[in-house]
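Thank you all for making time this morning.

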Amino acid sequence: MISEISIVPIQSSYSLDNRIITAAVLNKEPLVMKFEQVLSDDECQALIESASSRLTRSKLANKEVSQIRTSSSMFFDANESPFIVAIENRIASLMHVPRSHSEGLQILHYEPGQEFKPHHDYFGPQHPSSRNNRISTLIMYLNDVEEGGETTFPRLGIAVKPTKGSALYFEYFYDDPRINELTLHSGEPVIRGVKWVATQWMHRQPI
């Protein structure tokens with residue numbers, strides 16, 4: 001499954017769950033893609049409503065609270081409901097990695113001024129989770145943000161505005177660490193309105 005060829009086959013559209021998901025390549029190596037119509041309006045609203053009462057202050061991968069990441073968030077449990085399973089199955093098909101390799105689906109909420117400063121999603125060599133490291137990320141935008149909240153890749157010159165139902169995909173499984181390092185990214189501060197996202201991370205091996 002894992003090679004220097006991209007994990008996701010590059011196409012202009014994908015047919016999943018009786019819907020057509022369109023795609024645009026923003027960068028080829030590392031692969032960064034923007035998908036449209038990954039989630040319906042009703043699905044976005046259902047995810048927000050399911051998560052709203054369960055939010056707590058977001059933490060870093062080391063479980064610490066930090067000014068690097070000032071959002072609130074929650075994780076859905078594995079097989080929590082048929083709705084969540086259906087979403088996760090669609091994501092796994094789109095990301096071309098079995099659902100058994102995925103972390104629980106995470107929902108994040110950003111108020112004005114909240115952000116996630118530049119970071120990598122994969123774990124450093126000293127982190128215990130690096131033995132089964134993350135290989136790819138899908139960020140799904142659950143609402144339109146009035147102003148701010150872009151996902152930016154400073155080393156690639158990419159900035160993606162959150163639009164409801166769309167998703168941003170990127171991968172960092174490459175043998176060359178210099179390619180993986182280019183996936184440094186940030187969630188820019190929200191200026192007006194709020195920002196809701198759902199994030200899925202995939203790992204090399206089953207979790």
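Before anything else, a word on naming: helices (H or I, at least four residues) and strands (E, at least two) are DSSP runs, numbered from the N terminus. With that in hand, I can say that just after helix α2 histidine 96 takes a positive phi of about 65°. Please keep in mind that this is a predicted model, in which local features need pLDDT of at least 70 and side-chain atom pairs count only at pLDDT 80 or more, while totals for chains, interfaces and linings use all residues. Residues are numbered from 1 along each chain as its sequence is written, and side-chain values use heavy atoms, with hydrogens and water left out.

Let me stay with α2 for a moment. It covers residues 82-95, 14 residues in total, and reaches 20 Å from its first C-alpha to its last, which is close to the expected 20 Å, where the expected span is 1.5 Å times one less than the number of residues.

How many strands does the open sheet have, and in what order? There are 9 strands, in the order β1-β2-β3-β12-β8-β15-β6-β5-β4, with antiparallel pairing. At the edges stand β1 (13-16) and β4 (56-57), each with a single partner strand, so one side of each is left without a neighbour in the sheet.

Strand β8, residues 134-141, has 8 of its 8 residues buried, so the rest of the structure largely encloses it. Antiparallel to β8 runs β15 (residues 195-203), joined to it by 7 bridges, with serine 136 opposite methionine 202. Strand β12 (residues 167-171) is also antiparallel to β8, and 5 bridges join the two; here threonine 137 has phenylalanine 170 as its bridge partner.

Strand β3 (residues 31-36) is mostly covered, with 5 of its 6 residues buried. A hairpin through 2 residues joins β2 to β3, and these antiparallel strands share 6 bridges, β2 covering residues 19-28. Within that pairing, asparagine 27 stands opposite valine 32. Elsewhere in the sheet, 4 bridges join the antiparallel strands β5 (residues 72-75) and β6, and methionine 74 stands opposite isoleucine 107.

Now to the aromatic residues. Rings of Phe, Tyr and Trp (its six-membered ring) pair if their centres lie within 6.5 Å, and planes under 30 degrees apart count as stacked, over 60 as edge-to-face and the rest as tilted. A search of the whole structure finds 7 such pairs. One of them is edge-to-face, phenylalanine 153 with phenylalanine 170, at 5.1 Å centre to centre and 85° between the planes. This pair links distant parts of the chain, since phenylalanine 153 lies in β10 (residues 151-153) and phenylalanine 170 in β12, 17 residues apart. The rings of phenylalanine 170 and tyrosine 172 have centres 5.9 Å apart and planes at 50°, so that pair is tilted. Both phenylalanine 170 and tyrosine 172 are buried, and Tyr122, Phe153, Phe170 and Tyr172 form one aromatic cluster.

Charges also meet rings here; a charge sits over a ring if NZ of Lys or CZ of Arg is within 6 Å of the ring centre and within 35 degrees of the ring normal. Arginine 134 lies over the face of tryptophan 201, 4.0 Å from the ring centre, and the charged end of lysine 195 sits over the ring of tyrosine 110, 4.8 Å from its centre.

Finally, is histidine 109 buried or exposed? Histidine 109, in strand β6 (residues 106-110), is buried, with a relative accessible area of 9%. Its side chain makes a polar contact of 2.8 Å with that of glutamate 111, a polar contact being a pair of N or O atoms within 3.5 Å, where, within protein, one must be able to donate a hydrogen and the other to accept it, and residues adjacent in sequence count only if both atoms are side-chain atoms.

Note on methods:
Buried < 20%, exposed > 50% of the residue type's maximum accessible area, 1.4 Å probe, protein only. Pairing = 2+ DSSP bridges.
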